[in-house]
Amino acid sequence: MAKHRSAALVQEGITQLTGRSDSPRLDAEVLLLAACGINRTALARDPDQPIDAQSADAFFSFLKRRCRAEPIAYILGHKEFWSLDIELNDATLVPRPETEILVEMTLDAIPRDTAIELADLGTGSGAIALALAIERPLARITATDISRAALTKARENAKRLALDIHFVEGDWYAPLNGHQFDAIVSNPPYVRREDPALETGPAHFEPALALFAGDDGLDCIRTLCAGLKDHLRPGGLVVLEHGHNQQDAVHALLFATGLESIVQVTDHAGLARVTSARMPR
Ligand SMILES: C[S@@+](CC[C@H](N)C(=O)[O-])C[C@H]1O[C@@H](n2cnc3c(N)ncnc32)[C@H](O)[C@@H]1O
């Protein structure tokens, strides 16, 4: 007879995660499903099913990591973004829901039937480039990152999803060799080096290279804005994600670079998180 049963394991998970997670039951169930390789319907059909020793061990190891506040996405190695299953590794940021606002703004500005050239700078797992590639199959998309490990995962994601993206490694514009694009999008690092909010919580597990951008969090955005004149075609679109308290600075940087039609969009909390602008014709 199996030593472990699913209901007891879920209950143990809830007990250990209460006070450590905002969603103890959901977390415990998701971790158990992943550990056993079963789906939610199978668990709902038989909520007290026998669990073999190997699956129970995997569950306890996942639970231990979750109790230390590691994001579920890193524990499971993947995260849904724009309805795509995006695989992650240690070098990739977990794609955020607010980044879907950047995808929406970009899609709103790009007609479905045009073969534009677009660059996603700092692609990480490839989340933005992959979402845009699936929605705009005619677009020729180049995606860059300075992290070779992140790019490896982005390439794997594109291959698994059968999406054609040109990946290049390097520091912001350097690997583009002066090429110009119709659209440049980026969710760059934008966290202040000393941000106290990051000493605990999920960000503690994320790669520093994906998060931090100098004393005011704007170093990468400054570099991106400075390169627009050389890499964005006349009439071209730029869309940047940024921190909720950086909208004025980002507006000022784009304006100083000579961009026009600056638009800022808020997230579900009403905070401006994404800014778009156009290079004058
Ligand atoms: C905030 S993460 C965004 C990742 C992904 N685009 C997303 O939205 O989930 C920023 C990304 O920029 C990359 N990055 C940091 N510094 C860079 C640089 N100098 N040049 C290119 N990419 C850089 C990081 O490796 C990381 O993947």
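Predicted model: local features only at pLDDT ≥ 70, side-chain atom pairs only at ≥ 80, totals over all residues.
**Helix packing and the ligand site**

Helices α2 and α4 are oblique to each other. Helix α2 spans residues 24–36 and helix α4 spans residues 53–67. Two packed helices are described by the angle between their axes and the distance between the axes. For α2 and α4, the angle is about 140° and the axes are 8 Å apart. Angles over 145 degrees would count as roughly antiparallel and those from 65 to 115 as roughly perpendicular, and the α2–α4 pair is therefore classed as oblique. In passing α4, helix α2 makes a right-handed crossing.

Helix α2 also packs against helix α1, which comprises residues 6–17. Here the angle is about 135°, with the axes 8 Å apart. The helices α1 and α2 are therefore oblique to each other, and their crossing is right-handed.

Attention may now turn to the ligand. The ligand is surrounded by 18 residues, of which the closest are Gly 122, Asp 145, Asp 171, Trp 172 and Asn 187. By residue type, this shell consists of 9 nonpolar, 7 polar and 2 charged residues.

A polar backbone atom of Trp 172 lies 2.9 Å from a nitrogen atom of the ligand. Thr 123 likewise places a polar backbone atom 3.3 Å from a ligand nitrogen atom. At Gly 124, a backbone N or O atom is 3.4 Å from an oxygen atom of the ligand. On its own, the ligand has 600 Å² of accessible area, and the protein covers 96% of that area.

Technical notes. Residues numbered from 1 in each chain as written. Heavy atoms only, no water. Near = heavy atom within 4 Å. Polar contact = N/O pair within 3.5 Å; in protein donor to acceptor, adjacent residues only side chain to side chain. Areas by Shrake-Rupley, 256 points an atom, 1.4 Å probe, with all protein chains shown as cover. Nonpolar A, V, L, I, M, F, W, Y, C, P; charged D, E, K, R; others polar. Axes fitted to C-alpha atoms, helices over the stretch in contact; angles between N-to-C directions. Helix = DSSP H or I, 4+ residues; strand = E, 2+ residues; numbered from the N terminus. Parallel < 35°, antiparallel > 145°, perpendicular 65-115°, else oblique. Left-handed = near helix turned anticlockwise from the far one by under 90°.
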